[in-house]
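Opened the notebook for a new chain today.

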Amino acid sequence: MQLVVARVGRAHGIKGEVTVEVRTDEPELRLAPGAVLATDPAAAGPLTIETGRVHSGRLLLRFEGVRDRNGAEALRNTLLIAEVDPEQLPEEEDEYYDHQLIDLDVVTEDGTEVGRITEISHLPSQDLFIVERPDGTEVMIPFVSEIVVEIDLEEQRAVVAPPPGLIDDRAEIASSREDAAAGDES
């Protein structure tokens, strides 16, 4: 099975290095020197990592055969794809590969159906579940422990505790309800 592990960013310097947006929790394994990665678009690869280093908090990679800034810049926005055994699981207990989460049913803690995960969006600050609702609309749910309270792979479901307004447009603000109730009493 193939997993996207990074996206190539800007060229760095003049010797063929590129910045990468890491999309794996295991960069030391997936983006190590000698790793051969497929690419999207396929015409850009396969690429073999020659060197890797961290500079100012960013991972920089150099690929075999890419020796100058023009070659590095030509790879910009290329997705790097690793071949992974589908039975392999992440090292940490509360980590998941995207393929494990896609198609999970999403329900609230009281069992109310929210929808089905169709995509995982990897943003710099957090990951988001893109959930298709039964009516065909989509809702984005932050993949954080305060909201996604349980992932049950055996039952194929994700249990969420959404704050008011996250999954519906009938959000109520507690203070507004209290103000309205106080107004009714006068």
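My entries follow, from the whole chain down to single residues.

**Entry 1: confidence.** This is a predicted model, so I began with pLDDT, the predictor's confidence in each residue. I got a chain mean of 83, with 85% of the residues at 70 or more. Then I looked up which elements sit at the two ends of the scale. Helix H4 (residues 174–185) has the lowest mean pLDDT, 49, while strand S12 (residues 157–160) has the highest, 94. I also flagged residues 170–178, where the pLDDT is below 50. Beyond near neighbours in sequence, that stretch has four contacts in the model.

**Entry 2: overall numbers.** I found four helices and twelve strands in the chain. Of its 186 residues, 34% count as buried. The accessible surface comes to about 11200 Å², and carbon and sulfur atoms hold 47% of that. For contacts with a separation of 6 or more, I noted that 47% join residues 24 or more positions apart.

**Entry 3: the barrel.** In what order do the strands of the closed barrel run? I wrote down S1-S2-S5-S4-S3-S6, six strands with antiparallel pairing. From one strand to the next the twist averages 50°. I then picked out the pair of S1 (residues 2–12) and S2 (residues 17–22), which is antiparallel and has five bridges. Across that pair, Val8 stands opposite Val20 of S2.

**Entry 4: the nonpolar cores.** In soluble globular proteins, nonpolar side chains tend to be buried together. Here I looked up the largest nonpolar core and got 22 residues. Leu31, Leu61, Phe63 and Leu80 touch the most other members. Two or more residues each come from S1, S2, strand S4 (47–55), strand S5 (58–63) and strand S6 (79–83). S1 gives the largest share, five residues. I took Leu31 for a closer look and, leaving out neighbours within four places in sequence, listed contacts with Val5, Ala6, Val22, Leu37, Ile49, Leu59 and Leu61. There is also a second, separate core of 16 residues, including Leu104, Ile117, Val131 and Val148.

**Entry 5: Ala11.** Is Ala11 buried or exposed? I read a relative accessible area of 7%, and the cut-off for buried is under 20%, so Ala11 counts as buried. Ala11 belongs to strand S1. Not counting residues up to four places away in sequence, Ala11 touches Glu17, Val18, Arg69, Ala72 and Glu73. I checked Gly71 as well: 60 residues along the chain from Ala11, with the two C-alpha atoms separated by 8.6 Å.

**Entry 6: Ser121.** I went to strand S8 (residues 113–122) for Ser121. Its relative accessible area is 19%, and buried means under 20%, so Ser121 is buried too. Beyond neighbours within four places in sequence, I found Ser121 in contact with Gln126, Asp127, Leu128 and Ile130.

**Entry 7: the S11–S12 hairpin.** Last stop was strand S11 (residues 148–152), which runs antiparallel to S12 and is joined to S12 by four bridges. Glu150 stands opposite Val159 in S12. Which residue of this hairpin takes a positive phi? I noted Gln156, with phi near 55°, in a hairpin that has four residues between the strands.

How values were computed: Residues are numbered from 1 along each chain as its sequence is written. This is a predicted model: local features need pLDDT of at least 70, side-chain atom pairs count only at pLDDT 80 or more; totals for chains, interfaces and linings use all residues. Side-chain values use heavy atoms; hydrogens and water are left out. Two strands pair if DSSP finds at least two bridges between them. Axes are lines fitted to C-alpha atoms, for helices over the stretch in contact, and angles run from 0 to 180 degrees between N-to-C directions. Buried means under 20% relative accessible area, exposed over 50%, partly exposed in between (1.4 Å probe, protein chains only). Contact means heavy atoms within 4.5 Å. Accessible areas come from the Shrake-Rupley method with a 1.4 Å probe; for residues, only the protein chains shown count as cover. pLDDT is the predictor's confidence in each residue, from 0 to 100. A nonpolar core is a set of buried Ala, Val, Leu, Ile, Met, Phe, Trp, Tyr and Cys residues joined through side-chain atoms within 4.5 Å.
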